[in-house]
Amino acid sequence: MSSISFLHLASAGKKVSTDKIVHNIRNLYPTAPYYLASDAAENLMDIAARYNTHYTHYENKLGYPGYNSEKILAWLERFHFAAENCGTTHIMMVEDDVWLRNTLSVRDEWEMACHDIRVGNIIPEPVIDMIERFAGKRPLTNQYGGGGGSIFKVSTFLNNYTRVTNWFKNNTDFIRENFYTELGFMDCYMVVYYMLCGKDYTVNPCMTDTHTHHQNFDFDKFVNEQPENIEIVNNYKKYYWS
């Protein structure tokens, strides 16, 4: 039976939003493993204590992607810490604009349950070819959308960590410097990680996105108008500018 934990790598300058997002998730999951971290920014110990989360304050600032190989490896190390300690089958990647409407319908067979990308976000054929050579299996899709709210199978991440991080160490900078800078974005490299494990992309039918970064957008109206099956709303930036 599937179980869920949360990894929340908070952004600099978004402490109000961080608090609101943790509060929202804790209302639905009061005791689930929750790993909150600050990227060398604000001290979030008060939020961690208030909502009973694990907390790490990283001194090495990664900043906003896209990342080179060194920063991707550092980010994956942070993910690995949560995955290694959570004790759940799946983990959600939380950001300061991921809002839950309900408890999550996590399916046992999900390897990566990500966004429904209909246009763009194409992983080019040379990268797909490299993935196939490494994994021994060609991915069924060539798009990426593993951003905030995406859910990943923990055992797959852990079981392949050494070999896949070695691939990123050996290939990231060459790929980014020559033909595909987008590999440095987490919504891309997390998808590529699981493809390198021989796993396929799944669209989470219970997740949607506001697709807006405008301060005056009515985020609550958007949430309330969603069909009942929608559990996750990404880019919920109601508190982002507070």
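A: **The salt-bridge network and the helix contacts**

Asp 46 and Arg 50 are both part of helix H2, four residues apart, which is about one turn of the helix. Helices here are DSSP runs of H or I with at least four residues, strands are DSSP runs of E with at least two, and both are numbered from the N terminus. The model is predicted, so local features need pLDDT of at least 70 and side-chain atom pairs count only at pLDDT 80 or more, while totals for chains, interfaces and linings use all residues. Residues are numbered from 1 along each chain as its sequence is written, and side-chain values use heavy atoms, with hydrogens and water left out.

Side chains of opposite charge can pair when their charged atoms come close. In a salt bridge, a side-chain nitrogen of Lys or Arg lies within 4 Å of a carboxyl oxygen of Asp or Glu. The structure has 13 salt bridges. One of them joins the side chains of Asp 46 and Arg 50, at 3.9 Å from N to O. Asp 46 is partly exposed at 35% relative accessibility, and Arg 50 is also partly exposed, at 47%. The cut-offs are under 20% relative accessible area for buried and over 50% for exposed, with partly exposed in between (1.4 Å probe, protein chains only).

Arg 50 also forms a salt bridge with Asp 19, at 2.3 Å from N to O. Asp 19 sits in helix H1 (residues 15-28) and Arg 50 in helix H2 (residues 45-51), so this pair ties together parts that are 31 residues apart in sequence. Asp 19 is buried, at 18% relative accessibility. Not counting residues up to four places away in sequence, Asp 19 touches Ile 47, Arg 50 and Tyr 51, where contact means heavy atoms within 4.5 Å. Lys 15, Asp 19, Asp 46 and Arg 50 are linked in a network of salt bridges.

Another salt bridge pairs Asp 39 with Arg 78, whose closest N and O atoms are 3.1 Å apart. Here too the pair links distant parts of the chain, with Asp 39 in strand S2 (residues 34-39) and Arg 78 in helix H3 (residues 69-86), 39 residues apart. Asp 39 is buried with a relative accessible area of 12%, and Arg 78 is buried at 7%.

Ala 40 lies in the loop between S2 and H2. Ala 40 is partly exposed, at 27% relative accessibility. Leaving aside neighbours within four places in sequence, Ala 40 is in contact with His 57, Tyr 58, Glu 59, Asn 60 and Lys 61. Ala 40 and Leu 62 are 22 residues apart in sequence, and their C-alpha atoms are 8.2 Å apart in space.

Helix H3 also holds Ser 69, which is buried at 11% relative accessibility. With neighbours within four places in sequence left aside, Ser 69 is in contact with Phe 168, Lys 169, Thr 172 and Asp 173.

The next topic is the packing of helix H6. Helix H6 (residues 161-178) and helix H7 (residues 186-196) pack at an angle of about 125°, with axes 10 Å apart. That angle makes H6 oblique to H7. Axes are lines fitted to C-alpha atoms, for helices over the stretch in contact, and angles between N-to-C directions run from 0 to 180 degrees. Angles under 35 degrees count as roughly parallel, over 145 as roughly antiparallel, 65 to 115 as roughly perpendicular, and the rest as oblique. H6 passes H7 in a right-handed crossing; a crossing is right-handed if the near helix is turned clockwise from the far one by less than a right angle, and left-handed if anticlockwise. On the H6 side, Tyr 161, Arg 163, Val 164, Trp 167 and Phe 168 meet Tyr 189, Val 192, Tyr 193 and Leu 196 of H7. By class, this contact has eight nonpolar, no polar and one charged residues. Nonpolar covers Ala, Val, Leu, Ile, Met, Phe, Trp, Tyr, Cys and Pro, charged covers Asp, Glu, Lys and Arg, and the others, Gly among them, are polar.

H6 also packs with helix H4 (residues 125-135), their axes coming within 12 Å and crossing at roughly 155°. H4 and H6 are therefore roughly antiparallel to each other, and their crossing is right-handed. Val 127, Met 130 and Phe 134 of H4 make this contact with Arg 163, Val 164, Trp 167, Asn 171 and Ile 175 of H6. The residues of the H4 contact with H6 divide into six nonpolar, one polar and one charged.
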